[in-house]
Amino acid sequence: MSEPSPEIHPLEVRDLNVAYQTKVVVWDADFDAPAGKLVAIVGPNGAGKSTLLKASLGLLPIASGSVLFFGQPYAKARHRVAYVPQRESVDWDFPVNAVEVVAMGLYRRLGWCRPVSRKERDLAQAALAKVGLADHSTRQISQLSGGQQQRVFLARALVQDADLYLMDEPFASVDAATERAIVEVLRELRSRGKTVVCVHHDLPTVPEYFDHVALLNMRVVAQGPVETTFTAENLRKTYGARLTLLEEAAAAVERARVMTRHRP
Amino acid sequence: MKPARILATLFLLLTLGFVGPLPRTIAAETSHASKRSLTETRLEWPTREKLWRTVSLADYNTRVVFGGVTALGAAGGLVGTFLLLRKRSLLSDTVSHCTLPGIAIAFLVSEALGFQDRSLPLLLFGAAATGILGMASVAAIRARSHLKDDAALAIVLSVFFGLGVALMVVIQQLPTGNAAGLSHFIYGKAASMTAGDAQLILYASLAIAFVCGALFKEFKMLCFDTAFAQAQGWPVLALDLALMGLVVAVTVIGLQAVGLLLVVALLIIPAAAARFWSHRLGITLLLATGIGAVSGLVGVIASALFPRLPAGAVIVLAAVFCFAVSFVFGAERGLFRHWLEQRRVGRSVARQHLLRALYEWCERSPRSGKAEAPAQLLDRPVPLEALRTDNHWPESRLRSLLRLGRSEGLLSTDTGGNHAHLTSRGKIEARRATRNHRLWETYLLRYADVAPQHIHHNADQIEHVIDPNIVNELEELLAGQDDVLLVPADPEPPRPGTTGGLAS
């Protein structure tokens, strides 16, 4: 499956097909996440964005196709990949506090049956501090706001010290402070050469937050650097002729144009 | 969570120690109970001697049965907590009903092989086998059909239990008279337990506690975020099977004492009760273990004192009592605490309404001839009737608000009861309440998309919840508008001790 390529991408998705029963959700998707970039996967609701991530991680069965992480199947590259699920995917009314959730990112390193020790707690605490929740570490997770919960998930990924981060809608319904904190973390990750792939729903912020974009609507409509790929034409192909979305897209493209002009 | 784990193991070890090393063959002390006439139904108060012998654990057998049932309660609480958090509570009910055909088949097999006495391990093995089969059927129906969980559980439960009942009828028609004890597995009879049976329960409980301790962090992750655990490469299916295996184990060892109809209570009720007391998993586990153990103990004492009283039902009732107490008084989520909080919020909202109404009346009312310094704005007496009509308050509401204001020293009313005067503290508080309210209002307008997450009545001051930069921005927005929205100066800086208003 792995033909020799000049550079090995952190994530390579080839001809991926995912179906629920008989309903196709992702169809012949080809997708590369280039190393050291912040990559957005955008597309309309039900376009298969989250499904693409979950199927890549083996959480959903793949109908056909292949997914390689750093040139290897996921089982071999797991330790280099961190996953941030959607916040809604868990019950936050669970009897744990923030630092315990973050420490779950270290469980695999700990191995079977070994309890969390001082060292892991300290690492988890440091990760919480990175997302601005240093003084919320012993707070029960249901007492955190939605944005803070999202940051706890982010910290759990950070503590894994991975090379590739897959995030499912990290910006979904978070407050301004959380949005800033996440963006800061993303940029810090990029500066350390890490790769981040985010499922993203907010078109206007794509040019501001991301370097690379993949437009997905069942299949990958277009992918590449934001400057060349995030165009009105491509957005129309992705979103169809839905008026409100097109207006939003037009505004976003305009913003992208302004942003690129201001870039050094 | 290391200490919690150690404590949980210690607890069970102590239970073992208290029973002491067990010899293998000791007959149960139940014969006198079973020899009584079937028509006798009244409860007999135990003699003083019997009471003393029971409470002091003088009989070796009593001690053994006590140890066994207490360990069973503890194991139920422990496993039940994980089961509850995995949101599979009802599965335990299905599993316990599924054990009946297994018991019947095992009995038939032992009859066919010509065993004289019923052999408990064989019966329990049969119970476990069909229990697991039932669980597998639920999983298969769930995976291979469009039926939802509840339907799958109900189908499997009724089919297996029906089969079991049919087999029991067959067994009762057999010429051998051995079948009498089998109904104990349905309703439970702790007193019919032999020392060997209790020993089995005890060792099984210890094994269960050991597995729970060893897999504490794995189960925690499994229950909290299965997808994450799977993405991390943990064998989620195997972990789930291990947890369900523990559920089957508790069910099977509980059959004799509590009966298959009630064993679900042993798994779920102590866990549910413990959840009212703590937000920490380790503490919840310990509490559930303790509640289960105490319930078991109470049940078995009652059954020793009153042989006609069904131990299983008493165990469950004791657990339910703990649940009821927790439900009302639980420190973290009990009704009483909830009610206190509700009341506190209600008072704080009422207080803010009153203060703002007073402030706004002063602000609106025609000013006296000479220009008033802002500091004197609140010096005027406020006519109560105007206050009431402006705010559409019924008479009773006004009275209760004034009572609140007076009791907190925020205002005084004059002798005629027609006017209210803000005290100096009331003036400060009125300014603060109004300022806060207007900042919140602006915040809601400006950050309509994210603001609702942050609104919290317990937060006296917006600064305690919102980023100070945003507060500054809001203040500038307000200051730019006309003087109706003039913000009273912040009377005092936010107190550092009162931050974190998001706690609910």
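Visitor: How many residues of chain A are in contact with how many residues of chain B, and what makes them count as being in contact?

Guide: In this predicted model, 43 residues of chain A are in contact with 38 residues of chain B, where contact requires heavy atoms within 4.5 Å.

Visitor: Why is the pairing of A:D93 with B:R333 called a salt bridge?

Guide: The side chains of A:D93 and B:R333 meet at 2.4 Å, N to O, and because the cut-off between a side-chain nitrogen of Arg and a carboxyl oxygen of Asp is 4 Å, the pair qualifies as a salt bridge. The count between chain A and chain B is six salt bridges, and 14 residue pairs, both at pLDDT 80 or more, are in polar contact.

Visitor: Which helices of chain A each supply at least two residues of the side that touches chain B?

Guide: They are α3 (98-103), α4 (107-110), α6 (146-158) and α7 (176-191), and the largest share, five residues, comes from α6(A). The residues on this side of chain A divide into 20 nonpolar, 13 polar and ten charged.

Visitor: What area do chain A and chain B bury between them, and how much of it lies on carbon and sulfur atoms?

Guide: The two chains bury about 3600 Å², with 59% of that area on carbon and sulfur atoms; because buried area is summed over both parts, this value covers the loss on chain A and chain B together.

Visitor: What volume does the largest pocket have, and which residues are closest to its centre?

Guide: Its volume is about 1200 Å³, and of the 35 residues lining the pocket, B:R86, B:R88, B:T226, B:V236 and B:D240 are the closest to its centre. The largest share of the lining, seven residues, comes from α6(B), while β1 (11-20) of chain A is among the elements that each supply at least two lining residues.

Technical notes. Residues are numbered from 1 along each chain as its sequence is written. Chains are lettered from A and ligands numbered from 1 in the order in which they are written. This is a predicted model: local features need pLDDT of at least 70, side-chain atom pairs count only at pLDDT 80 or more; totals for chains, interfaces and linings use all residues. Side-chain values use heavy atoms; hydrogens and water are left out. On a 1 Å grid over the protein atoms alone, a cavity is a set of points where a 1.4 Å probe fits but cannot get out, and a pocket is an open set with protein on both sides within 12 Å along at least five of seven lines; lining residues have an atom within 4 Å of a point. Grid points are joined across faces, edges and corners, and a volume is the space filled by probe spheres set on the points. Helices (H or I, at least four residues) and strands (E, at least two) are DSSP runs, numbered from the N terminus. Buried area is the accessible area (1.4 Å probe) that two parts lose on being put together, summed over both. A polar contact is a pair of N or O atoms within 3.5 Å; within protein, one must be able to donate a hydrogen and the other to accept it, and residues adjacent in sequence count only if both atoms are side-chain atoms. Ala, Val, Leu, Ile, Met, Phe, Trp, Tyr, Cys and Pro count as nonpolar, Asp, Glu, Lys and Arg as charged, and the others, Gly among them, as polar.
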